[in-house]
Amino acid sequence: MEKFDVIIIGGGPAGLVASKLLVAFGKKTAIVERHKLGGDCTHTGCVPSKTLLKSAAAYYHAKNLHQYGLHSNELEIDTSKVLSHVRSVVDEIYLHETPEVFEKAGVSIIKGEAKFKSSNQISVGYKSYQADKFIVATGSSPSVPHIDGIEDIDYLTNENIFLQESIPKSLIVIGTGAIGVEMATAFNRLGSQVTLISRSKGILKQNDEELSEILLQELQKEGITFINNASMKKVTQSDSQISLHVNEQIISSEKILFATGRSANTDLDLEKAGVDFDKKGIKVNPYLQTSNPNIYAIGDVSTKYKFTHIAEQNAIVAGSNIGLPIKKKANYDHIGWCIYSEPELAQIGLTEQEAKAQYGDNVKVYKMEYKNTDRGYTDKEKTGMIKVSVLKNGKIVGASILGTRAGELIHQLQFAKTFNLSFDKLSKMVYIYPTFADLIKQPSKKFYIDKLLNNPFLKLLKKITK
């Protein structure tokens, strides 16, 4: 039986980052992967979805050249190769993640599905392997709700939507989280007639309510049909049409996509290893150890924050805790995320609603709309707004940005929040003109002025000099 210092189960972003770190620490390390290295992010998630969104944006802006003062004859744009282009980008990135690349770096790759036999042994096919430590990084899979008739239809999830040969003429998207909103954006712009369905009210529940509503209005302006508070009774398929019975109507489309959440991949015989888990995933302590201290769990399988950047950060924490004597805790205080719709919607910390509920009168929300920036006019990008929730002492407790490049802009605020910089500090630097960074400059200047006006010494001096 082959023995390792560490065996990582799952070769997605979390597993790959952890393996590189552990090899650097001198640990004999193996990854067990049942499909391809790179996991969901490379093959069915971040990479293909963002590639598709870029193609959709290019198509949309080419069709709307008039807004830039440009005119042309009617453009005929062929979308037949869009999805093959998406797959080609996936293939390009996978070249950096093949087993050969990692084996050359000193990581052993074991192909197959792992099952625990005991607290320090797993089986993969007919072979058994032993390790001092394990990291479970098996990720998550699409969670599809039970609807009468669903077992008889060919439905899409993120796992097969990019394998289609052509853009469907019509598409029902069920689910209004990141995947649902992004795919509705992309396929609508590429010519699909899209119906977006929410099982509750509104979209993107983890984000700011006002900004989510503005984004929804923009999606509807572009032609997406939206249905709120949907009660889905049954679904049927006849020839090339899928019919969904929702509320009191029947909606038909060529394809249907379920983007209704994720379920942790825990089918590993974890009981045999003494690892506690439930339907939400594997339970871990702040050091990312499971109930068996020699087994760690990272990424989607053990955290509610199902983002690649969180999985990679988990990998660094777990890898460091295995390889170094000083133990680190996972910290989610300053994390953020971005929905790559158009416009983008980015978030760090608390939303406006959460900040006011938690801090009451001690928090003030500073806002600025994109239409109040010169760059918004030059680029015809006037839709959107920034909101920064700030305590009286200048501490940033949250920020939301809806608008172009929101996912890039929010990092400056995330930096200030992470390193506890007072919001007014961001007003002290000289900003390049014209940039969208004005959205951070102006609100931080406003906070600085408010801070001066509320300074007790300056208030007293003002009274004396009257």
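A search of the whole structure, a predicted model, found one cavity of 30 Å³ or more. A cavity here is a set of points, on a 1 Å grid over the protein atoms alone, where a 1.4 Å probe fits but cannot get out. Grid points are joined across faces, edges and corners, and a volume is the space filled by probe spheres set on the points. In this predicted model, local features need pLDDT of at least 70 and side-chain atom pairs count only at pLDDT 80 or more, while totals for chains, interfaces and linings use all residues. Residues are numbered from 1 along each chain as its sequence is written, and side-chain values use heavy atoms, with hydrogens and water left out.

The largest cavity has a volume of about 40 Å³. Its lining comprises Pro142, Ser143, Asn158, Ile179, Phe258, Ala259, Thr260, Gly261 and Arg262. Lining residues have an atom within 4 Å of a point. By class, four are nonpolar, four polar and one charged. Ala, Val, Leu, Ile, Met, Phe, Trp, Tyr, Cys and Pro count as nonpolar, Asp, Glu, Lys and Arg as charged, and the others, Gly among them, as polar.

The whole structure holds nine aromatic pairs (ring centres of Phe, Tyr and the six-membered ring of Trp within 6.5 Å; planes under 30 degrees apart stacked, over 60 edge-to-face, the rest tilted). Tyrosine 155 and phenylalanine 258 pair edge-to-face, at 5.5 Å centre to centre and 85° between the planes. Tyrosine 155 lies in the loop between strand 7 (140-142) and strand 8 (170-174), and phenylalanine 258 in strand 14 (residues 255-258), so the pair ties together parts 103 residues apart in sequence. Strands (E, at least two residues) and helices (H or I, at least four) are DSSP runs, numbered from the N terminus. Phenylalanine 258 is buried, with a relative accessible area of 3%. Tyrosine 155 is partly exposed, at 29%. Buried means under 20%, exposed over 50% and partly exposed in between (1.4 Å probe, protein chains only).

Tyrosine 305 and tyrosine 332 form a tilted pair, 5.3 Å centre to centre with 35° between the planes. Tyrosine 305 is buried, with a relative accessible area of 17%. Tyrosine 332 is partly exposed, at 27%. Elsewhere, Tyr366, Phe423 and Phe447 form one aromatic cluster.

Charges also sit over rings. Arginine 189 lies over the face of tyrosine 60, 3.8 Å from the ring centre. The criterion is NZ of Lys or CZ of Arg within 6 Å of the ring centre and within 35 degrees of the ring normal.

Note on methods:
On a 1 Å grid over the protein atoms alone, a cavity is a set of points where a 1.4 Å probe fits but cannot get out, and a pocket is an open set with protein on both sides within 12 Å along at least five of seven lines; lining residues have an atom within 4 Å of a point.
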